[in-house]
Amino acid sequence: MSFRGVNFLNFNKDGIIDEKRVINLLLNKQLEHSLIEKIKGDLSLMKIKSSSAIEKIVKQNIVEYLRGCIKSFEIDTVSYPHVIALIGVNGSGKTTTSFKMANLLTNLEYKTSLVSCDIVRPGALFQFNELCKKVAVDADYKKKGEKIFNFIEKKINFAIENKYDIFVLDTPGIVVGNKATLDYVSEIIGSVKDLIGKDRSFSTIFIADANLGGDIMSQIMFLKNTVKIDGIFISKFETTSKIGQILKAAKTFKIPITGIGNGISVTKIDKITPDDLSNMIFNVKELGNEAH
Ligand SMILES: Nc1nc2c(ncn2[C@@H]2O[C@H](COP(=O)(O)OP(=O)(O)OP(=O)(O)O)[C@@H](O)[C@H]2O)c(=O)[nH]1
Ligand SMILES: [Mg+2]
């Protein structure tokens, strides 16, 4: 039965949130089954199902689920430079994120150096130059023919001598199943660690393309025994609703989510808290668009 485009059968007394739509929305987000079952159970125990009460239950459950999964990124500037290496599969958003991070950190007045070792594929240099136009950051890339380890050594030594706070390293894409690509990135990370020594901080951040949903689990499985991952950065957050599987990966592998990228522009980078993420996942406005 419809009236002025509103299907009353699917609405609660206060007309905003409907339980069935809520569950559909959470299923569409690919949240873990156990979380959805817990929410269903809690909703079934409610006597008065007002919109605000349903919203509260859902968000509380998501926040509880996210506990321990999210960590703000801490920069160590005492033993500078703090190296942040971005790793991930081809096309996951490493280069874009490296510029976003460098831009943010430079704006926060950290002396930041951005170094890209991924200039092999066609279009990469063009992309690098375009991003350089948008960000006033000290960026450099490995030239054709230059040995990668010589290049990194030169850049790290320069950063140490010139007292840079942060050194952002964009690495070549890894292909799942192709051990050689993983070993190559692992070797780069190993040599940077040797160059900076034990006293300087090093963070390896895995860039997870939000579009890939469940594939993130297999990507991390492939990487984690060779490269230690300190944090997950979710890229392309705004392009998809399927975020649940990345949360599952963060929980399963106990790797905190340290930030999100939500757009192609270099300013589209956000830090998050469990409350923020819960609000993004359970966005009441989206309920109206759910198929039911
Ligand atoms: N919509 C959207 N697009 C993004 C975001 N981050 C990256 N992209 C796009 O994703 C595509 C791949 O991004 P890159 O930064 O080149 O990814 P990469 O991991 O460096 O790729 P390779 O170096 O080829 O492995 C580009 O078209 C970016 O503009 C984001 O947060 N939102
Ligand atoms: Mg790249």
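I232 stands opposite I257 in β9, a strand that pairs in parallel with β8 inside an eight-stranded open sheet. Please keep in mind that this is a predicted model: local features need pLDDT of at least 70, side-chain atom pairs count only at pLDDT 80 or more, and totals for chains, interfaces and linings use all residues. Residues are numbered from 1 along each chain as its sequence is written, while chains are lettered from A and ligands numbered from 1 in the order in which they are written.

**The sheet**
- Three bridges join β8 (residues 231–235) to β9 (residues 257–261); two strands pair if DSSP finds at least two bridges between them.
- The strand order is β5-β4-β6-β3-β7-β8-β9-β10, with mixed pairing.
- At the edges sit β5 (138–141) and β10 (269–270), each of which pairs on one side only.
- Helices (H or I, at least four residues) and strands (E, at least two) are DSSP runs, numbered from the N terminus.
- Helix α6 (residues 148–161) lies across β4 (112–116), β5 and β6 (166–170), and runs at about 180 degrees to β4.

**Around ligand 1**
- The shell of ligand 1 holds 20 residues, and the closest are G93, T95, T96, G173 and G261; a residue is near a molecule if its C-beta atom, placed from the backbone, lies within 6 Å of it.
- Helix α4 (residues 94–107) gives the most to this shell, with three residues.
- By class, the shell has 14 polar, five charged and one nonpolar residue. Ala, Val, Leu, Ile, Met, Phe, Trp, Tyr, Cys and Pro count as nonpolar, Asp, Glu, Lys and Arg as charged, and the others, Gly among them, as polar.

**Two helices side by side**
- The axes of α1 (residues 19–28) and α2 (residues 33–44) come within 11 Å and cross at roughly 170 degrees; axes are lines fitted to C-alpha atoms, for helices over the stretch in contact, and angles run from 0 to 180 degrees between N-to-C directions.
- α1 and α2 are therefore roughly antiparallel to each other, a label for angles over 145 degrees.
- E19, I23, L26 and L27 in α1 meet I36, I39, K40 and L43 in α2; contact means C-beta atoms, placed from the backbone, within 7 Å.
- This contact has six nonpolar, two charged and no polar residues.

**Two domains**
- The domain assignment, automatic or from a database, gives domain 1 (2–69 + 281–287) and domain 2 (82–272).
- Taken over C-alpha atoms, their centres are 35 Å apart.
- Eight residues of domain 1 are in contact with twelve residues of domain 2.

Terms used: Two residues are in contact if their C-beta atoms, placed from the backbone, lie within 7 Å. Angles under 35 degrees count as roughly parallel, over 145 as roughly antiparallel, 65 to 115 as roughly perpendicular and the rest as oblique.
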